[in-house]
Amino acid sequence: HDGTIGVLLTGQLSDNSPTITDPNSDGIYWDSAIQKDGITIIAEDAQLYRAYMGALGRLPDEEGFNWWANEIAQSRHSLSSMAAGFIYSVEFQGLADTDSNGTVNSEEFITHMYQGVFDREPDEEGFSFWVGKLDREESTQSQVLVDMTQSNEYIENTIQTVWDFQFI
């Protein structure tokens with residue numbers, strides 16, 4: 001983590017709002033930085049910050065954030081392996097394992113992620129889609145965590161919180 005920060009949304013924010021850069025001009029923001037007033041939050045830091053909020057329902061703790069940011073910067077971990085670290089943490093298990101059987105099944109996982117990322121219960125179609133992907137092993141919980149916390153919808157909804165870059 002080098003202290004830089006960054007994201008660009010087009011046309012919907014005031015001049016003093018942070019913006020999402022879209023270096024590939026592809027309309028997909030997960031790999032974009034956040035910028036405001038000449039300051040940039042790099043994409044990797046924004047991704048990690050969003051993962052904390054969506055998966056754990058809280059701002060990151062500075063020590064944990066810095067550890068993960070360094071691990072990712074040094075290529076010892078990727079966003080996906082970081083997501084797995086979150087999923088298998090005692091904290092995540094305590095939040096998502098609603099039947100307290102020691103395992104977070106597909107239904108519990110998707111419900112938890114919808115609540116954390118989209119601040120709502122899953123709709124029937126979305127729930128069936130994501131649970132089906134997990135149950136058919138077309139995706140892993142780690143990949144779904146990344147997909148949801150790095151979705152354009154979540155990025156747009158959390159841009160100001162990520163920009164504020166506060167820790168617990």
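Good morning. I begin with a loop: Glu-137 lies in the loop between α6 (124–135) and α7 (141–149). Helices here are DSSP runs of H or I with at least four residues, strands are DSSP runs of E with at least two, and the numbering goes from the N terminus. Glu-137 has a positive phi of about 60°, although it is not a glycine. For background, most residues other than glycine have a negative phi. Glu-137 is also exposed, with a relative accessible area of 71%. By exposed I mean over 50% relative accessible area; buried means under 20%, and partly exposed lies in between, with a 1.4 Å probe and protein chains only.

Before going further, please note that this is a predicted model, in which local features need pLDDT of at least 70, side-chain atom pairs count only at pLDDT 80 or more, and totals for chains, interfaces and linings use all residues. Residues are numbered from 1 along each chain as its sequence is written, and side-chain values use heavy atoms, with hydrogens and water left out.

Asp-37 has a positive phi of about 50° and is not a glycine. Its relative accessible area is 61%, so Asp-37 counts as exposed.

Three strands form an open sheet in the order β1-β2-β3, with antiparallel pairing. Two strands pair if DSSP finds at least two bridges between them. Because β1 (19–20) and β3 (39–41) stand at the edges with a single partner strand each, one side of each has no neighbour in the sheet. Strand β2 (residues 34–36) pairs with β3 in the antiparallel sense over 3 bridges, and Lys-36 stands opposite Ile-39 in β3. Helix α8 (residues 152–164) lies across β1, β2 and β3, and runs at about 55° to β2. Such angles are taken between N-to-C directions, from 0 to 180 degrees, with axes fitted as lines to C-alpha atoms, for helices over the stretch in contact.

How many residues does the largest nonpolar core have? It has 43 residues, and those with the most contacts inside it are Phe-86, Phe-109, Ile-110 and Met-148. The term nonpolar core denotes a set of buried Ala, Val, Leu, Ile, Met, Phe, Trp, Tyr and Cys residues joined through side-chain atoms within 4.5 Å. The elements giving two or more residues to this core include α1 (43–56), α2 (62–73) and α5 (106–118). The largest share, 8 residues, comes from α1. In soluble globular proteins, nonpolar side chains tend to be buried together.

In α3, the buried residues are Leu-79, Met-82, Ala-83, Phe-86 and Ile-87. Seen down the axis of α3, they fall within an arc of 145°, so they line one face of the helix; the arc is that of the directions from the helix axis to the C-beta atoms. What covers them includes α1, α2, α4, α5 and α7.

Helix α7 has 7 of its 9 residues buried, so it is largely enclosed by the rest of the structure. Among the buried residues of α7 are Gln-141, Val-144 and Met-148. The buried residues of α7 pack against α1, α3, α5, α6 and α8. Leaving aside residues up to four places away in sequence, Met-148 touches Ile-110, Met-113, Tyr-114, Val-117, Phe-118, Trp-130 and Tyr-154, where contact means heavy atoms within 4.5 Å.

Lastly, the charged side chains. The structure holds 5 salt bridges, each defined as a side-chain nitrogen of Lys or Arg within 4 Å of a carboxyl oxygen of Asp or Glu. Glu-138 and Arg-136 meet in one of them, at 2.8 Å from N to O. Glu-138 is partly exposed, at 48% relative accessible area, whereas Arg-136 is exposed, at 52%. Elsewhere, salt bridges that share partners join Arg-58, Asp-61 and Glu-91 into one network. Within it, the side chains of Asp-61 and Arg-58 meet at 3.5 Å, N to O.

Glu-138 has a further neighbour: Lys-133, found in helix α6, touches Glu-138 and Ser-139, not counting residues up to four places away in sequence. Thank you for your attention.
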